[in-house]
Amino acid sequence: MSVDLSTTFTGLRFRNPFLLSSAPPTESESNITRAFDAGWGGVVTKTIGLHPVVNVVGPKTKFLRADADSPHLSMKKRPNTALHSSWNWELISDKALDWWVPRLGRIKKAFPDHVLVASIMAGSGNDTELRHWQTLALACQNEGCDALEINLSCPHMDREDMGSNIGKDRELVSVVTKVVKEVSRVPVWAKLTPSTTDIVVEARGAFLGGADAISSSNTFTSLPLIDAETLEFEVHVDGLVSTGGLGGPAILPLSLAKMSQLTQAFPDRSFSGIGGISNFEHALSYFLLGCGTVQICTAAMLDHAVGPNVIKELTAGLTRFLEAHGDRGWTRVADFVGRHRDRIVAQSQIRRPDEKEYHGGHDGAEGYAAPEEAVRS
Ligand SMILES: Cc1cc2nc3c(=O)[nH]c(=O)nc-3n(C[C@H](O)[C@H](O)[C@H](O)COP(=O)(O)O)c2cc1C
């Protein structure tokens with residue numbers, strides 16, 4: 001049976017459901033061009049703002065590795081280790097909108113059949129800032145971008161009215177989404193922060209504002225470890241560090257939990273899954289929970305900057321999977337999206353060894369126990 005890797009998500013046709021997420025792999029025209037040549041179905045640009053940002057001195061991203069035979073975790077390069085996570089404190093693109101505009105147009109002309117999503121970010125403190133969102137949205141869609149992803153989730157912006165500070169406030173999420181929707185002709189995806197108590201609350205705000213999809217997760221707020229010998233953080237500038245974002249394998253189960261909350265609360269909506277994906281098996285978990293597309297950052301950063309081998313494995317894995325499950329009638333991603341969504345239930349609904357002994361975590365009711373049979377003498 002022939003398999004079809006293409007999919008439709010928020011009305012857009014993708015040659016495959018795998019995108020590079022907004023991050024260093026999509027920070028330049030040459031990277032995005034290489035990514036499309038390598039086979040990615042879409043890319044989300046590094047987040048574009050109106051004004052240039054200035055990053056901290058020194059490295060902006062480091063990779064934490066775990067030893068195979070000890071509990072040691074460190075960013076130091078050494079043999080016999082496995083990737084645990086990425087840690088970054090990079091801000092949005094250090095190139096502002098004017099730099100991006102001609103490049104977006106050129107990329108779209110060169111790759112009309114690939115999906116180019118512009119990630120955008122502005123503030124939210126006043127009407128002028130809210131209009132900046134519209135300026136960004138209009139400029140990107142006028143250059144042919146197929147969709148907009150509004151970044152409501154960067155965990156380390158230095159402004160109080162930006163990034164995850166918007167994403168933590170359901171009303172601001174709604175207002176910003178609505179403001180962008182007012183001017184956009186293309187689908188708008190809202191990228192939410194996982195750093196809230198109940199992500200369903202902010203997602204509802206985004207949908208009320210008109211969002212066409214939710215992307216989740218951005219990185220999780222985190223710190224680098226302190227080196228026990230030097231007593232310095234493994235990443236620091238002059239001995240100081242601020243919180244940054246954790247990505248990569250360590251966040252895969254965390255992001256899946258956030259995603260299952262979202263897809264269960266809004267089973268008819270569209271979701272793009274992000275967090276810890278390195279191969280098809282990881283992506284499959286997101287699809288089965290209800291995501292129509294997935295996005296990848298850390299694994300691609302570690303594979304020639306744009307993930308040529310990662311995308312090869314993802315498409316080969318999807319092809320193998322569809323071939324193996326042809327007998328179920330699954331010929332495309334849409335055939336199995338959400339199949340496991342309803343398998344996440346309250347703990348009280350999970351089978352116990354002895355159901356009679358289980359009282360939902362409460363004391364058993366007193367006085368209702370069956371009387372013991374009288375022992376016959
Ligand atoms: C160095 C770095 C820079 C990032 N920059 C952005 C950004 O500009 N905008 C954004 O929405 N997400 C940004 N992210 C978050 C990623 O797009 C992604 O949501 C996160 O890394 C989780 O995916 P992963 O586990 O595949 O890395 C960045 C991540 C890293 C590691």
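Predicted model: local features only at pLDDT ≥ 70, side-chain atom pairs only at ≥ 80, totals over all residues.

**The ligand shell and the fold**

Reply: In total, 27 residues lie around the ligand. Those that come nearest are Ser21, Asn88, Gly247, Cys297 and Thr298.

Next, the fold. The protein chain is built from 10 helices and 15 strands. Its radius of gyration is 23 Å, close to the 21 Å that the globule rule gives for 377 residues, so the chain is as compact as a globular protein of that length. The C-alpha trace spans about 95 × 60 × 45 Å along its principal axes. Buried residues make up 42% of the 377 in the protein chain. Taking contacts between residues at least 6 apart in sequence, 71% join residues at least 24 apart.

Among the strands, 8 close into a barrel with parallel pairing. The order around this barrel is E3-E4-E8-E9-E10-E11-E14-E15. On average, neighbouring strands of this sheet are turned by 25° against each other, direction ignored.

Strand E14 covers residues 270–274, strand E15 covers residues 293–296, and the two pair in the parallel sense over 3 bridges. At one of these bridges, Ile274 has Gln295 in E15 as its partner.

How values were computed
Residues numbered from 1 in each chain as written. Near = placed C-beta within 6 Å. Helix = DSSP H or I, 4+ residues; strand = E, 2+ residues; numbered from the N terminus. Rg over C-alpha atoms; globule rule 2.2 N^0.38 Å. Buried ≥ 20, exposed ≤ 12 C-beta atoms within 10 Å, placed from the backbone. Contact = placed C-beta atoms within 7 Å. Pairing = 2+ DSSP bridges. Axes fitted to C-alpha atoms, helices over the stretch in contact; angles between N-to-C directions.
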